[in-house]
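Dear colleague,

I am passing this structure on to you, and below it you will find my notes on how its two chains meet. Please read them with the structure open beside you.

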Amino acid sequence: MDAPTLPLPIIALAQLGDPGAAACEGDFCAIPDHHQQAVVNRKLDEDLV
Amino acid sequence: MSNPIKVDIWSDVQCPWCYIGKRKFEAGAAEFGGDVEVEYHSFELAPDTPVDFDGSPADYLAQRKGLPMAQVEEMLERVTGIAKSVGLDYDYDHVHQTNTVISHELIHFAKSKGRQLEMKERLLDAYFVRGEHVGRIPDLVAIAVDLGFDEAEVTEALESHRFLADVKADVALAQEYGIQGVPFFVIDGKYGVSGAQEAATFANVLTQVQNEREAV
């Protein structure tokens, strides 16, 4: 199914920063892959202690 | 006389990345070191949520998204771990999932008294850390009184919904900017930064704006 067409912004902004940074949209807050990997790494480190 | 860089931040009270992003932005602004003026704006992630939702955030996600409870709990555990990394002790076992519109009205009330930033921080802390209810007027009045606001004045403001139009104006402005998710940072009215970026990213953007100003 095609993605819904989003309304064009009326006020144009130049976007800066990581476009994959963690954010909440609607009622869902996704966890980006790099955060998930960081948590896995932390758990591995903790298991080594 | 200094001319601070204006940062407009769209955020919701029950947005875990907004509180994490707030801490990262604050660290980035400190790293930048220049004058920054912050103004928070209202954004409702789930305006159809009932004030007295019967269940936890995990129940809410499982019901709304149809996700297995084990997966939801794992997600919340991950977010809790990330929050911990920036010094925030999220307590999802005691979070009250609710409708946040009146909490946004309270933030606008505080703004009218010149104390918006204090109220924003207190409400995020109330929701994620203290396990307080941020959807009901009596609970919100108690939070305001805890900060030293006048009980009768806050009660009147929230019961009359005197600041609801300001909340809706913020939401409408977000639509004009094309903002789909939060946190969202508009810096100096021309740069958009989406999400809980790293502190260094915020510092770099603020430095870029400062350099552009100095080059004019």
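In what follows, two strands count as paired if DSSP finds at least two bridges between them, and strands (E, at least two residues) and helices (H or I, at least four residues) are DSSP runs numbered from the N terminus.

This is a predicted model, in which local features need pLDDT of at least 70 and side-chain atom pairs count only at pLDDT 80 or more, while totals for chains, interfaces and linings use all residues. Residues are numbered from 1 along each chain as its sequence is written, and chains are lettered from A and ligands numbered from 1 in the order in which they are written.

An open sheet of 3 strands runs in the order S3(A)-S2(A)-S3(B), with antiparallel pairing. Because S3(A) (28–29) and S3(B) (181–182) stand at the edges with a single partner strand each, one side of each is left without a neighbour in the sheet. Strand S2(A) (residues 24–25) is joined to S3(B) by 2 bridges, and here Cys24(A) stands opposite Val182(B).

Elsewhere, S1(A) pairs with S5(B) (residues 191–194) in the parallel sense over 3 bridges, with Gln15(A) opposite Gly192(B).

As for the contact as a whole (C-beta atoms, placed from the backbone, within 7 Å), it takes 24 residues from chain A and 30 residues from chain B. On the side of chain A that touches chain B, S1 (14–16), S2, S3 and helix H1 (33–48) each supply at least two residues, and H1(A) gives the most, with 4 residues.

With best regards

Key. Contact = placed C-beta atoms within 7 Å.
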